Structures are given as structure tokens and as C-alpha cells.
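Here is a short briefing for a first look. Please view the sequence and the structure together.

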Amino acid sequence: MLTNRGKLSVTQQRLLIGGIALFLVSLYFLRIIYIPIFIAYFLAFLLNPIVRWFERRGFGRVGPIFLLLLLVFALIIALGLFMVPKIVAQVRELFERLPLLMDFLSDRIGPLSQKYFGYDVFSQWKDVLPTLAPETAPFPAVGILESVLAGTARALSAVLTVLMIPILTFYILKDYYVLNEKLLLLVPRRFLSDVKELLRRLSIVLGGLIRGQFLVCGILAAYYSVALSAVGVDMAVLLGILSGLMNLVPFVGPLASLAL
């Protein structure tokens with residue numbers, strides 16, 4: 001029980017700490033189960049306002065959810081099929097060119113590094129970068145075949161995990177408000193009204209911020225990729241995506257791409 005001052009007793013504090021520790025340990029050992037659930041709930045959190053908009057106009061929830069998820073995952077699959085090979089090739093090209101960049105920086109800034117730090121930082125990174133480059137087979141089909149034969153169970157588990165995400169997202173969106181009410185049953189009654197108000201404000205403010213940032217990053221990534229490709233910049237798609245994603249921190253994305 002709570003004390004008169006509204007604080008937890010020593011026993012409750014120990015139980016709470018033990019419960020949190022047990023949950024964190026379970027997150028590590030059961031991450032293959034938790035990760036798709038968290039991703040699905042996050043997608044449901046992002047898509048729920050759209051579903052709610054259709055629901056208020058008499059379309060219900062099941063139909064809009066199905067069509068929305070079909071559109072979202074079809075777009076993701078299409079982008080993956082068309083963009084992943086190009087991105088992988090440009091990542092390899094980037095790692096191949098980084099030693100040249102280190103040579104350039106070593107010639108220009110190396111003397112200052114030698115003067116103030118006693119060694120040339122960039123020449124050391126030139127030796128380290130080749131070890132960081134992703135290794136791929138000479139023929140992609142050979143690499144895929146080796147991966148499948150070496151870890152069929154692991155590959156099957158990964159495929160099932162990916163397939164679980166749209167299914168979980170569908171059912172979480174369908175019963176979104178019911179699930180939230182069930183979770184609120186874990187909150188003590190005396191704090192229930194305050195927690196509900198806090199969650200309502202977080203859903204409006206934080207939810208709007210996250211959705212807006214994702215939308216802006218996606219638009220900018222597409223814009224930078226197309227614009228850089230149009231002017232003939234090498235690795236335009238990779239630089240555009242990096243610029244868009246790093247735009248989560250203002251000015252960092254464009255400056256990082258400009259530096260590269």
C-alpha cells in the first residue's frame with residue numbers, strides 16, 4: 001500500500017525495481033518476440049489517426065486498416081526491391097572511396113593534427129576503413145545460397161518475424177483503443193485520471209511530432225535523391241537518404257551530405 005505521503009513503501013520499491021529488472025532481462029532474451037510487437041505497435045501508433053479519420057466518416061475500422069496496411073507494405077516492398085540493390089552498391093562504392101577522402105584530409109588537415117595531437121588522425125583511419133567495409137560475395141546469388149544453407153532456421157525465423165509485423169499491426173489497429181484501456185487497468189485508480197490526461201497530451205504532441213518528422217524526412221530523402229541524381233552527383237541515392245534521415249537533427253543532414 002501507499003504511505004500517507006503518497007510514496008511507495010520499501011517493499012513496494014523493491015518489488016518495482018525487481019519487476020523492471022526482470023522485464024529488461026526478458027527484453028534481451030525474448031527480443032525476437034518483443035521486437036515485432038514493438039514495431040507493430042509503433043506502426044499502429046503512427047497510422048491510427050488516418051484510420052480514425054476514415055472511421056469518423058462512416059467507413060469503419062477494418063476496411064481502412066486493411067487497405068492502408070496493404071498500401072504501406074506494398075510501398076515498402078517496392079522500395080526495397082528497387083532501392084536496396086542500388087543502395088548496397090553505393091555503400092560499397094562509398095567505402096571504396098573513403099581512403100581517397102582520408103588522403104585528401106591528411107594532405108590538407110594532417111599537419112594540424114600532427115601539430116596538436118602528435119599524430120595524423122586521417123592516415124590511421126585510412127588503414128582502419130578497409131576492415132569496416134561490408135563483405136559481399138563476388139556473385140550475390142552465391143552469397144544468398146551460402147546464407148540459406150548455413151542458417152536455414154535463422155532465415156526462416158527472420159521471415160516469420162517480418163511476416164508477423166503486418167498481422168500484428170492489423171490486430172493492434174483494430175483493437176487500438178481496447179488495448180489501451182486494458183493497459184490502463186495496470187495503473188492504480190488514484191492515478192488513473194492523471195495518467196489518462198498525460199497520455200492524451202502525449203498522443204497529441206509527441207505523436208504529431210513523430211509523424212511530422214517521419215513525413216518530413218521521407219519527403220526530403222526523396223527530394224535530395226532526385227535532385228542529386230539530376231545534377232549527376234555520385235552516390236546520389238545514398239547521400240539523399242542519409243540527408244533525409246539525419247534531418248531529424250536540424251541542418252545535420254544537409255551538412256553531412258555536403259561534407260561527403
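How many aromatic pairs does a search of the whole structure find? The search finds eight aromatic pairs. Rings of Phe, Tyr and Trp (its six-membered ring) pair if their centres lie within 6.5 Å.

This is a predicted model, where local features need pLDDT of at least 70, side-chain atom pairs need 80 or more, and totals for chains, interfaces and linings use all residues. Residues are numbered from 1 along each chain as its sequence is written, and side-chain values use heavy atoms, without hydrogens and water.

**Rings**
- Y34 and F38 form a stacked pair, 5.8 Å centre to centre with 15° between the planes; stacked means planes under 30 degrees apart.
- Y34 and F38 are about one helical turn apart, because they sit four residues apart in helix α2.
- F38 is partly exposed at 43% relative accessibility (buried is under 20%, exposed over 50%, partly exposed in between, with a 1.4 Å probe and protein chains only).
- Y41, Y176 and Y177 are linked into a cluster by ring pairs.

**Helices α1 and α2**
- The axes of α1 (residues 10-29) and α2 (residues 31-56) come within 5 Å and cross at roughly 95°.
- So α1 is roughly perpendicular to α2 (65 to 115 degrees).
- F23, S26, L27, Y28 and F29 of α1 meet R31, Y34 and F38 of α2; contact means heavy atoms within 4.5 Å.

**T169**
- T169 lies in helix α6 (residues 152-174).
- T169 is buried, with a relative accessible area of 0%.
- Leaving out residues up to four places away in sequence, T169 touches A40, L43, A44 and L69.

Definitions and conventions: Axes are lines fitted to C-alpha atoms, for helices over the stretch in contact, and angles run from 0 to 180 degrees between N-to-C directions. Helices (H or I, at least four residues) and strands (E, at least two) are DSSP runs, numbered from the N terminus. Angles under 35 degrees count as roughly parallel, over 145 as roughly antiparallel, 65 to 115 as roughly perpendicular and the rest as oblique. Rings of Phe, Tyr and Trp (its six-membered ring) pair if their centres lie within 6.5 Å; planes under 30 degrees apart count as stacked, over 60 as edge-to-face and the rest as tilted.
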